[in-house]
Each structure stands twice: as C-alpha cells, then as structure tokens.
Amino acid sequence: MTISIGAITDEFSPDVETALDAMAEIGMTIAELRLIGTRNIIDLTDEEILRLRGQVEQRGMRVLSIASPVLKCVLPDAPPLDDRFQQDVFGSAYTIADQPRLSKRALDIAEMTGAKFVRVFSYWRTMEPGRLVDRIVSALRELADRAGERGLVIGLENEHACNVGTGEEAGRVLDLLDHPALVSIWDPANAFILGETPFPDGYSHLPASRVAHVHAKDCFVEGHKPTWGPLGEMGIDWKGQIAALKRDGYAGAISLETHWRGPDGDRFNPSVICGRNLRELVK
C-alpha cells in the first residue's frame, strides 16, 4: 500500500478490543480515538488513555489522531443555526464555556497517546457561515499556536454540520491562516452533503500540501440528507480522489468513518466491508 489506512475505532464497535482486532485483520495500521464505550475520548482518565495506547500498539498499530469535539458547539452572538443538518455529538454535547478545558485535555491526550493530530471543528453551522470566518480563524490561530508549542498539529475537519463544511470553505480558512500547525482533515462526504462535488471540485480548493489526513465514507445525497453505504460504491469518486492524492504526493493516511449501519443498526459488518473496500482502493 502507498497510503496507510485506519479507522475511527467506534465505527467498528464501542468496544475498543473488538474494533482493533477487526482493524488489524483488515491490515489497518493507524487508529483514531473518539468514543470508547459510551464516553468521549476527552472524558477518559490518564490511566484509561495509557491503557488505550497499549491496546493499539499491541496490535502493531499507532494512534494517529484524537478525534476531539473541540469547537463543535454553538458560537454565541452568531446568526441562527442551520437546522437542515443533524448535529452529531458523539458523546460530546459541550458549550463554548467548555472549550478551553476541552482543547487543553485534547492536547494532553495527544501527547499521552503519541498522536500527531488533534481534530477540531468550526462551531455548529449557521445560516450565514461566511460571516464567521474571522472569528473561526482567530480561534484556530490560538489552537494552532498552543499545539505548535507542543510539537502537535491542529487538523480542521470540514464538517457539514459546522461552518467550515466544504472544500471551498476549508480552503478559504487555510488561505487566511497559513500556520505550520494547522492542516486540513479532508472529508469528501461531508462536502457532498452540502451540495459540493467533493472531487474534483471541492478538493481543488484545498492546498494539497496542507491536506494531512483524509476521512473516508460514502453516500448518496438527496435534499442534504445522506444515505450511507459501501465505500467506493456510492456517489463519491473515491478512485479519482485517491489517485489525485497520490499524484499530489500525499504522505498521510486515510481513516474509515463508516456511518453506514445494517438494517438492525449493526455497525461492525458494514465497517468490515468498507474497510476491505478501502484497502483495495488504496492499492
């Protein structure tokens, strides 16, 4: 493989041992940590975090990213929220007052696990996301400054339920904040939900040298509502996207974030299918 693959563990199972065993069997070498059981990674104790690192490394894998909930909250004195989009909280229903504590804890956890990235967002999406760019840039600058001092990197994910949701929106923020400790976590499916054609259109707005991580899931979209399904078999040109990453010298990894569930709500088997598809796509 020329690109490493991995997954957000709870997409396979909230039980981390079950998830890691399946990921290792597929050939994944990196893990992202978000939900462990029913708790967000940010709320675990130091002892629990160190145990998690051991569980990952016992399988010849490493923790690449802390999938934190930082800046996944309402920004005060902003335009009304855009209620077309579901706010997926993943055990992280925090407020603006929680952000200093959350960001410090996320950086601490990254250091304890050996993770390179701390994923962050851009506040819950409003009806006028363009009006908030300066405030988002200011918040990201502070986070990037703090991360850089610790040898870490802030990864801004484009999230359809947040103000930076498309490739075009992410590219604008990155252009305004040329910081060595701020990179893009590119999620084509999130851009797709907002009506952007993620590849080639959305990707073309991103500075290729600052795309440091990619999330993989696939869907069809109607009326901004996704129907999730097997990776590489739905509405996103994953073959084209991965070929472009290779063309551009991409040195990062691709993480599965399945979202697809079976008819009974099962997440394990759909994630195994998508994981195998991802393995074939990157070959």
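## Nonpolar cores

In this predicted model, the largest nonpolar core has 91 residues, and those with the most contacts inside it are Phe12, Met23, Met28, Ile41, Leu140 and Ile254. A nonpolar core is here a set of buried Ala, Val, Leu, Ile, Met, Phe, Trp, Tyr and Cys residues joined through side-chain atoms within 4.5 Å, where buried means under 20% relative accessible area with a 1.4 Å probe, protein chains only. Helix H4 (residues 133-149) gives the most to this core, with eight residues; helices are DSSP runs of H or I with at least four residues, strands are E runs of at least two, and both are numbered from the N terminus. Apart from this core lies another, of seven residues, among them Leu64, Phe117, Val153 and Ala212.

## Whole chain

With 283 residues, a compact globule would have a radius of gyration near 19 Å, and the chain agrees with its 17 Å; the radius is taken over C-alpha atoms, and the rule is 2.2 Å times the number of residues to the power 0.38. The secondary structure comprises nine helices and twelve strands.

| Property | Value |
|---|---|
| C-alpha box along the principal axes | roughly 45 × 40 × 40 Å |
| Buried residues | 59% of 283 residues |
| Accessible surface (Shrake-Rupley, 1.4 Å probe) | about 11400 Å² |

Residues are numbered from 1 along each chain as its sequence is written. Local features need pLDDT of at least 70 and side-chain atom pairs count only at pLDDT 80 or more, while totals for chains, interfaces and linings use all residues, and side-chain values use heavy atoms, with hydrogens and water left out.

Key. Buried < 20%, exposed > 50% of the residue type's maximum accessible area, 1.4 Å probe, protein only.
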